[in-house]
Amino acid sequence: MHPREQTIFALSSGRPPSAISIVRVSGSQAKAALIALAGKVPEPRMASRVLLRDSGRQPIDEAVVLWFPGPASATGEDVAEFHVHGGRAVLAALFAALSAFENVRAAEPGEFTRRAFENGKLDLTEAEALDDLIRADTDRQRRQALRQLKGLLGDRARDWRARIIEASALIEAGIDFSDEGDVPAGLIAPALARISSLLDEIQEVLAGQGRSERLRDGLVVAISGPPNVGKSTLLNQLARREVAIVSPHAGTTRDVIEVQLDLDGYPVTVIDTAGIRETDDPVEQEGVRRARLRAAEADLVLWMIDAPHEDSGRVEETPVWVVRNKIDLDSSGDKAGGLRRAGDGTRFKISASRGDGVAELIEALVAFAREYFGSKEDGLIGRERQRNLLQGTMGSLQRCISVAGEGEELAAEELRAAAHSLGRLLGRVDVEDVLDVIFREFCVGK
């Protein structure tokens, strides 16, 4: 039997031990497995308490079972769920009992969702949104993924593809039946009008795509500067826990330390880097090289200084905020806070050890993230793959309009290319290689 025709099972809840674990089974043998283990098949979508037994009639666990006959199930196939106590021994016994059935095997990563896709339960944009929802770390990422899971992009893409096919039918009717008296002449004009309107819609979606795609990846902030200016202390303040070693000796941080933060719902990765200075130590040299590289790749650099260093050795990146630390040890009388200076970017004065000015710095980071991601939550595009295919669709539509005067056949060919791009976006044509990559990233049991 082909692997795609086999029945699959997996743990679909959190890792054990836990109070309750859910084991999902999908495929043609789900009903037989349910009868063998539970002794009966409950009413569809009705929970039933049973004693599970293995093939030797030895008890496995007291469980709650559910039955979802296909196609009215998550995968479109027959699905059984076993809600058991979440101990490792219980799960091991249940997995062993399921594996004993012929043509029943453990699921691969993303295989449940892939079967749902192949059975028409969701399109590829919705499958990608489901993966994003599972991986969402902040509330804004969750809301964006949930909007996309509702099919907003897929619904628009299906509508666009239908309109392209309608326009293509008009043009090809003019080509194939141009000598027929009952076929009106000049069918290409109304077809081009439809294409022009459609092109405006896709351009509008692409114009706002940056917000949603950036929100999925998150904002990267690098803390950089000379050695021993308090970079690691600031990282610990932002993370509200001890994630980096703090030492009075210069050069303590030699590698890149990353911390994931949730700032008012915005995903932010803060990076603590090695102090940037000239050194003969080969290990520290590598740390400085990595520090410069990550600072160059970051969306924002916090360049930290103190009174002895001031702006020495500064990495020229944009945007850069200068953060003057250790004001509690500074005799100049500077107070904590941040201010905007013309031609000099944003400067802050803080005491990372005492926390003075850190709250103002965090408020500024939240404001920067809000501006970076955009205040609206209407982005439809969450992945580079989606953006590239929509750009390809737009390019084909633009070429269709430009070549229409040279021949209707050329215009029709560009419309076919545009429809093909939208088909790839939905995962309905020529995407086998893409499917393998996407579903391999899913967790097992989903």
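Q: Is helix 4 largely enclosed by the rest of the structure or largely open, and why?
A: Helix 4 is largely enclosed, because nine of its 12 residues are buried. Buried means under 20% relative accessible area, exposed over 50%, and partly exposed in between (1.4 Å probe, protein chains only). Helices (H or I, at least four residues) and strands (E, at least two) are DSSP runs, numbered from the N terminus.

Q: What should I know about the model and the numbering?
A: This is a predicted model, where local features need pLDDT of at least 70, side-chain atom pairs count only at pLDDT 80 or more, and totals for chains, interfaces and linings use all residues. Residues are numbered from 1 along each chain as its sequence is written, and side-chain values use heavy atoms, with hydrogens and water left out.

Q: Which residues of helix 4 are buried?
A: Leu-124, Thr-125, Glu-126, Ala-127, Glu-128, Ala-129, Leu-130, Asp-131 and Asp-132.

Q: Switching to helix 12 and helix 13: how do their axes cross?
A: The axes of helix 12 (residues 384-403) and helix 13 (residues 408-426) come within 8 Å and cross at roughly 170°. Axes are lines fitted to C-alpha atoms, for helices over the stretch in contact, and angles run from 0 to 180 degrees between N-to-C directions. The two helices are therefore roughly antiparallel, a label for angles over 145 degrees.

Q: What kinds of residues form that contact?
A: The residues where helix 12 meets helix 13 divide into 12 nonpolar, five polar and four charged. Ala, Val, Leu, Ile, Met, Phe, Trp, Tyr, Cys and Pro count as nonpolar, Asp, Glu, Lys and Arg as charged, and the others, Gly among them, as polar.

Q: What does Ala-418 touch?
A: Ala-418, which sits in helix 13, touches Ile-164, Thr-393, Ser-396 and Leu-397, leaving aside residues up to four places away in sequence. Contact means heavy atoms within 4.5 Å. Ala-418 is buried, at a relative accessible area of 0%.

Q: Now the backbone. Which peptide bond ending at Pro-17 is cis?
A: The one from Pro-16, with omega near -5°. Pro-17 lies in the loop between strand 1 (7-11) and strand 2 (18-26). The bond from Gly-70 to Pro-71 is also cis, with omega near 5°.

Q: What about phi at Asn-103?
A: Asn-103 has a positive phi of about 60° although it is not a glycine. Most residues other than glycine have a negative phi. Asn-103 is partly exposed, with a relative accessible area of 25%.

Conventions. Angles under 35 degrees count as roughly parallel, over 145 as roughly antiparallel, 65 to 115 as roughly perpendicular and the rest as oblique.
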